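Please open the model in your viewer and display it as a cartoon.

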Amino acid sequence: FFIRNGLMQPTSTSLPRCDAARAARWPTSSSQHRLQLSVFCPLSRAACSDSTLTAWIAGATAAIGTSCRRRQPAACPGRAKLSAIATANVVVLEAAVHPQEEVRQKKADQYQLLLFTELTLSFIDTDGDQVKLQRDGLAVNEYVNGRCDVEDMTYFDIDVKTRAYSDPGGRGFFRADEDLDTLVRKRNLMFVKREFMASCLMTICSLREAEAFQVMMTALKEGIAVVGTYQFETAEAYCQRLNSKGLRADILPIEAGE
């Protein structure tokens, strides 16, 4: 008997021609990870008892199992080389950014700092009168039911606890559904002192006096003004400090093409 690929087959003392021809068709190249084993029994067929043959087959099978363990693939230097080349190509592609793309990214890092004021404030009081405060140029005028009642107002007081208001033209009360917090915020922006706004622009944003005056005038007349263009960190810091002073500021990114 002989063992081939774990199978026991009868054989003579010499390898038959058919087995030799079959062996020629079975390659033994290690690169193809194939293993061909031919184990011949040293005992003759006549002298081999059943117990002896069984013991010999068990030992041969164990030897074949040990020899046929899966081989670990050998390290391939070509793979490491290809990986290095691919990584280098990615680095080159990232470095070779189009000039227009670089300009777009730089512009995206620029932010405009905007300053806002309120131009109108309106509500309906408990008497049913429609009250509207409107900025006309640098003056704030009060309109009641569409008619100008007070010109160039200097104050407009709001009492949150009693839900009452007072101005040079009289006093009244707010309805229960009126948002007083929003009215107070708008009133503060509408009646902000010019000197205070200009001072904040000079101390916080480092504007010169003439620049601060120009930004302040534009914000009061148009309701919005551009303070300047800065990097994100600087614009964010200026915006937070202006808002902490009771002013209203925001930042706007500059997109490509603007």
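This is a predicted model: local features need pLDDT of at least 70, side-chain atom pairs count only at pLDDT 80 or more; totals for chains, interfaces and linings use all residues.

Residues are numbered from 1 along each chain as its sequence is written, and side-chain values use heavy atoms, leaving out hydrogens and water.

**The sheet.** Select strands S9, S10 and S11, which form an open antiparallel sheet in that order; strands (E, at least two residues) are DSSP runs numbered from the N terminus, as are helices (H or I, at least four), and two strands pair if DSSP finds at least two bridges between them. S9 (157–159) and S11 (170–173) are the edges, each with a single partner strand, so one side of each has no neighbour in the sheet. Three bridges join S9 to S10 (residues 164–167). Zoom in on Asp 159, which stands opposite Ala 164 in S10.

**H6 and H7.** Next, select H6 (residues 194–205) and H7 (residues 209–222). Their axes, lines fitted to C-alpha atoms over the stretch in contact, lie 9 Å apart at an angle of about 130 degrees. Show Met 197 and Leu 201 of H6 with Val 215 and Met 216 of H7, which are among the residues that meet here.

**H6 and H8.** Cys 200, Ile 204 and Cys 205 of H6 make the contact (heavy atoms within 4.5 Å) with Tyr 238, Arg 241 and Leu 242 of H8.

Methods
Axes are lines fitted to C-alpha atoms, for helices over the stretch in contact, and angles run from 0 to 180 degrees between N-to-C directions.
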